[in-house]
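Here is a friendly walk through a pair of protein chains.

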Amino acid sequence: MSGILNSSVGRKFAMALSAFFLMIFLVQHFAINILSVFSADTFNEASHFMGTFWVVQYIFQPILILGVIFHFVMGMVLEIRNRNARKIAYVKYNGNANSTWMSRNMIYTGAVILLFLGLHFYDFWFPEIEVKFIDGDMSGLLANGEYRYFEHLQHKFVDVWRVALYCLAFVFLALHLLHGFSSAFQSVGANNKYTRGLRGFGKAYAIIIPLGFIFIALYHHFN
Amino acid sequence: MKLTLKIWRQKNADAKGQIVEYPIDGIEGDMSFLEMLDILNEDLITKGEEPVAFDHDCREGICGMCSLHINGEPHGPDKGITTCQLHMRMFKDGDTIFIEPFRANAFPVIKDLVVDRSSFDRIQHAGGFISVNTSGNTIDANAIPINKHDADEAFEAATCIGCGACVASCKNSSAMLFVSAKVSQFALLPQGKIEATERVLNMVKQMDEEGFGNCTNTGACEVECPKGISLENIARMNREYLSASLKG
């Protein structure tokens, strides 16, 4: 058991586990964000709960950040090792003949998502941390006594360039998930009679969730 | 058929190789790809030039000896075949064909298109066998009842000819399809279960030591495999490995 992360199979397994965790988080994030389309009050209450409940703040949030870092670092380690396994490249290489573009370019789609996370943290996470842990204001309220979350969200999606960047990042997220979802199951050894159905579900997940995030960004831009 | 061949020429393992262009004429669609190379070599010998070195043996798609990366794919543009089964009818008059050796650090070039695939042998030696006591009380394998589904899957895994197309097609130079086929053919049968734990641990360890890359599930290996070895074998090997690691 000790050397499992030193093996190629073990690294795949660890990569898949972090992917499962991030895919579950994505559903939870989407479920709260979509509330903003239906009810500002419900979105505010859900956001305040997530932003102040100690289990989320001090247990889930650090695990999530570690999960993102681990997924990225392990992805880079695998990419470097894999590139080093073929020092002399083919003069002619026809990857499209046997594999999808998404499966061959996970490192690039992943890198775009990571850059997007930088913007997303700058927009939402860092201001939250500043208000809560530097200013010490855990109320979640504005000066007028209303919750700040919905207003903050709408304010961020006024700028058309920011909305465009968000939409572009979600397209890359979809490309990453189109391979990543089924790949994670294969890595943990799940390839059986349910695999075909799972692949279909994975494709639906990879399109619906990013499309939902795009819808939310556009909805708030035009409203 | 008139063709332009762009072939990787490399004097020996230490020399620097390069692509060399050869025009060739009079090729028939019914010829195999290796026959086409035979004709080229006869021309080169007649001219007093060094013939192109390439691997071949049975020329029946059985031995897995013929390799070659043809126009960007192992074994060329046709699917489910080895290079000796590739016919020239897959190409058109006037085509340019790139012919390169299988590329991976674990498959070093020996000369021209010939690569050293002994890393596969070392992986096999690490665990691709069963230890049977043949002192006289051995049970006949055919006398042991085996579930039909398991027997079929073990047989399919055992059809792997170890040609290395999986490594050559993989963008990561991963050998997991080969290793998983060898692990699966034993893991599915009662005779193989006895040494299953150490087998998968030792074979994966040897695979990693040989310098093959990590599988990222692109599926290129399954598409290019001349024997249609399925990705299910890689999933099975992953399960076997994780279970063996927990036991170990």
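In chain A, the centres of the 16 positive and the 11 negative side chains lie 30 Å apart. In chain B, the mean positions of 24 positive and 36 negative charges are 4 Å apart. For this count, Lys and Arg are positive and Asp and Glu are negative, while His and the chain ends are left out. Each charge is placed at NZ of Lys, CZ of Arg, CG of Asp or CD of Glu.

A word on what you are looking at: this is a predicted model, in which local features need pLDDT of at least 70 and side-chain atom pairs count only at pLDDT 80 or more, while totals for chains, interfaces and linings use all residues. Residues are numbered from 1 along each chain as its sequence is written, chains are lettered from A and ligands numbered from 1 in the order in which they are written, and side-chain values use heavy atoms, without hydrogens and water.

The table sets out some values for the two chains. Buried means under 20% relative accessible area, exposed means over 50%, and partly exposed lies in between (1.4 Å probe, protein chains only).

| Property | Chain | Value |
|---|---|---|
| Buried residues | Chain A | 44% of 223 residues |
| Buried residues | Chain B | 53% of 248 residues |

How many helices and strands does chain A have? Chain A has eight helices and zero strands, whereas chain B has nine helices and seven strands. Both kinds of element are DSSP runs numbered from the N terminus: helices are H or I with at least four residues, and strands are E with at least two. The C-alpha atoms of chain A fill a box of roughly 65 × 40 × 35 Å along the principal axes.

Now look at one residue of chain A. Is A:Arg148 buried or exposed? With a relative accessible area of 9%, A:Arg148 is buried. You will find A:Arg148 in the loop between helix H5 (106-134) and helix H6 (149-156) of chain A. Its side chain makes a polar contact of 2.9 Å with the side chain of A:Glu128. A polar contact is a pair of N or O atoms within 3.5 Å; within protein, one must be able to donate a hydrogen and the other to accept it, and residues adjacent in sequence count only if both atoms are side-chain atoms. Leaving aside residues up to four places away in sequence, A:Arg148 also touches others, including A:Asn44, A:Val131 and A:Leu141.

Chain B is assigned domain 1 (3-111) and domain 2 (117-247), with bounds from an automatic or database domain assignment. The centres of these two domains of chain B, taken over C-alpha atoms, are 29 Å apart. Across the boundary, 22 residues of domain 1 of chain B are in contact with 18 residues of domain 2 of chain B, where contact means heavy atoms within 4.5 Å.

B:Asp14, between strand S1 (3-9) and strand S2 (18-24), counts as exposed at 78% relative accessibility. B:His75 is buried, at 0%, and has a positive phi near 65 degrees. B:Ser173 is buried at 0% relative accessibility, with a positive phi near 55 degrees.
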